[in-house]
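Good morning, and thank you for coming.

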Amino acid sequence: MRCKLKNQQGAALVIVLALAIIAGILGFAAMSVAENQTILVNRHQQRERALHFAEAGIHRYMAELNDDLDFYTTGASTAMQNVDTALEDGYYKLQVITPSTSNPYVTIRSTGWPANSDIKRTVEAKLYKKTTLSNLITANVGESRIDYFNRFLRGDVVNGPLHINGNLITNGHTGDGVDGPIFKDKVTYSGEWIRESTPVTAGDTTTFLNGTPVRVESMNMPPISESLESKTDSGYVYTGRTCIYINGSTLKIRNKASSTIQTKSLPTNGIIYVKGGVGDKWHKDTANVFVSGNLDGRLTIVAENNIYITAFDPTDWDRPAGNNTSPMAKSGTGGITYAGLNMAGVSDKASLAEALKNCDDMLGLIANKDVVILHKNWPKQSTDSPAYYWLGWGPYGKGYGNYNDVAPYNMNIHASIYAVTGSFRYEELYEDGKKGWLTVVGSISQYEIGPVAGFGLNILDLKILPDPLHTRLSGYGKNYWHDPRLMYDAPPNFLESISSGWEIIEWRETSNP
């Protein structure tokens, strides 16, 4: 029996309608995806543009900083901040965090966004000021291997960054003390690193607390600029031997063989400039400066020959200091210090930064030749030419008695020191035996590392501790501290190298303010 099929008319229409609905849904979905994709692409483009504007703000401020290394202190810097600055079809807004002793960097925070957009991005850059003052010690050469002057030895403590344009020489099994040399900050060099002892050498105590030394490009050392004299205030340019005693914010100055001691305030432009000949140490026409005291303010002293740092007031010519065993020499702490810095509680980098937090004193000592710790004799007025000094009360070199040891047992020097063609050194270092400690707070830039202590020769280079053939026989032990303010500040009109500038050491994106 055959079955009759039901009526199939209209089925095609239903199928067509279903397919149309499905096609419509797919079409709308595709349109929605495309629209969302367009929105996402647009927002991505806006985010990229926002980042572009933010980065442009950073580079705009850096350009001003590298034109003027102290730009962040100016009113123009303040005017650039916290305002919507138009750039192309967008904007950026800057915020600058100025440096401090505890955080000696300039931090630039820049927020960028396109016009008519709610999308913003913020980047933050931390900047480091690259100058010779950024290092505790900067030297052009450091490769002498005979007299141990340019080595860093056991007993040395370097509390700050170190850079040697030449060879870095470290030796941890000879020297004075029970450990060291200890380097508490970064160490860089541009020549070779000569390791005279290694961790596997018996008795080696060399310690790097901030990583292994790194080889970098040489740092330019600037010459004395002729413009320094022209920048000096009238009345603060001297010719010939000049004795200066810093008494807070006032100065006692005695020039040549004068019987008159001038009393002056600190110069407005911050510079004392001494010019003249380069002959005998004590001659009245030689461009030497003899200086000591306690500074309350900011000052830079420039000498076309040498600067001698003394234990006592060098304008007092009736005061020979005796010898190394005298109570005067034993008790003297000498040198030049900052009125606003008390080193009594300083034991590390953080405590030094705290001690300097409210200190605005800053001294620069720039000598075309050497910066020297005075050891022998004393300035005085004399009719003998060129005898303007103490030497057993007689002219130098003529056998009139013995010289006077005027170097104190300990010495403190708070200053940025720059020996342009010479060294920072202790005069006649092998005479008068071992002194105490030389504490320097600041920065030492020199053509060649100079000696502050005399050591016995280490002919056999024995690798035992202590080495009986190589110990400190005379002079000072080193206790050097880098002034963290020099990472962003400098004494008045202090020399800057051609390569000085602000460099980015950290770059990151951060949350929007």
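Of the 513 residues in this protein chain, 51% count as buried. Please bear in mind that the model is predicted. Its secondary structure comprises five helices and 31 strands. Among contacts between residues at least 6 apart in sequence, 74% join residues at least 24 apart. The accessible surface comes to about 23300 Å², and 53% of that belongs to carbon and sulfur atoms.

Let me turn to the aromatic residues. The count comes to 10 aromatic pairs. In one of them, the ring centres of tyrosine 72 and tryptophan 502 are 6.1 Å apart and the planes stand at 85°, an angle over 60 degrees, so this pair is edge-to-face. Tyrosine 72 lies in the loop between helix 1 and helix 2, whereas tryptophan 502 belongs to strand 31, so the pair ties together parts that are 430 residues apart in sequence. Are these two residues buried or exposed? Tyrosine 72 counts as buried at 11% relative accessibility, and tryptophan 502 is buried as well, at 4%.

A second pair has another geometry. Phenylalanine 183 and phenylalanine 208 have ring centres 4.8 Å apart and planes at 10°, so they are stacked. Phenylalanine 183 is in strand 10 and phenylalanine 208 in strand 13, 25 residues apart. Phenylalanine 183 is buried, with a relative accessible area of 0%, while phenylalanine 208 is partly exposed at 22%.

The charged end of lysine 120 sits over the ring of tryptophan 113, 4.6 Å from the ring centre. Likewise, the charged end of arginine 254 sits over the ring of tryptophan 317, at 3.8 Å from its centre.

I come now to the salt bridges, of which the count is 23. Arginine 508 and glutamate 124 meet in one of them, at 3.0 Å from N to O. Arginine 508 lies in strand 31 and glutamate 124 in strand 4, 384 residues apart. Here arginine 508 is partly exposed, at 37% relative accessible area, but glutamate 124 counts as buried at 10%.

Lysine 252 forms a salt bridge with aspartate 313, with the closest N and O atoms 2.7 Å apart. Lysine 252 is in strand 17 and aspartate 313 in the loop between strand 22 and helix 4, so this bridge ties together parts 61 residues apart in sequence. Lysine 252 is partly exposed at 26%, and aspartate 313 is buried at 12%.

A further bridge joins lysine 357 and glutamate 354, at 3.0 Å from N to O. Lysine 357 is partly exposed at 47%, as is glutamate 354 at 48%. Elsewhere, salt bridges that share partners join Arg109, Glu124, Glu506 and Arg508 into one network.

On the surface, Ile15, Leu19, Ile22 and Leu26 form a nonpolar patch with about 410 Å² of accessible area together. Leucine 26 is found in helix 1 and counts as exposed at 55% relative accessibility.

Valine 420, by contrast, is buried at 11%, in the loop between strand 26 and strand 27. Which residues does valine 420 contact, leaving aside its neighbours within four places in sequence? Among them are Pro222, Pro223, Ile366 and Tyr447. Valine 420 and glutamine 446 are 26 residues apart in sequence, yet their C-alpha atoms are 5.9 Å apart in space.

Methods:
Residues numbered from 1 in each chain as written. Predicted model: local features only at pLDDT ≥ 70, side-chain atom pairs only at ≥ 80, totals over all residues. Heavy atoms only, no water. Phe/Tyr/Trp six-rings, centres within 6.5 Å; stacked < 30°, edge-to-face > 60°. Helix = DSSP H or I, 4+ residues; strand = E, 2+ residues; numbered from the N terminus. Buried < 20%, exposed > 50% of the residue type's maximum accessible area, 1.4 Å probe, protein only. Lys NZ or Arg CZ within 6 Å of the ring centre and 35° of its normal. Contact = heavy atoms within 4.5 Å. Areas by Shrake-Rupley, 256 points an atom, 1.4 Å probe, with all protein chains shown as cover. Patch = residues over 30% accessible without salt bridge, like charges linked within 9 Å, V, L, I, M, F, W, Y side chains within 5 Å. Salt bridge = Lys/Arg side-chain N within 4 Å of Asp/Glu carboxyl O.
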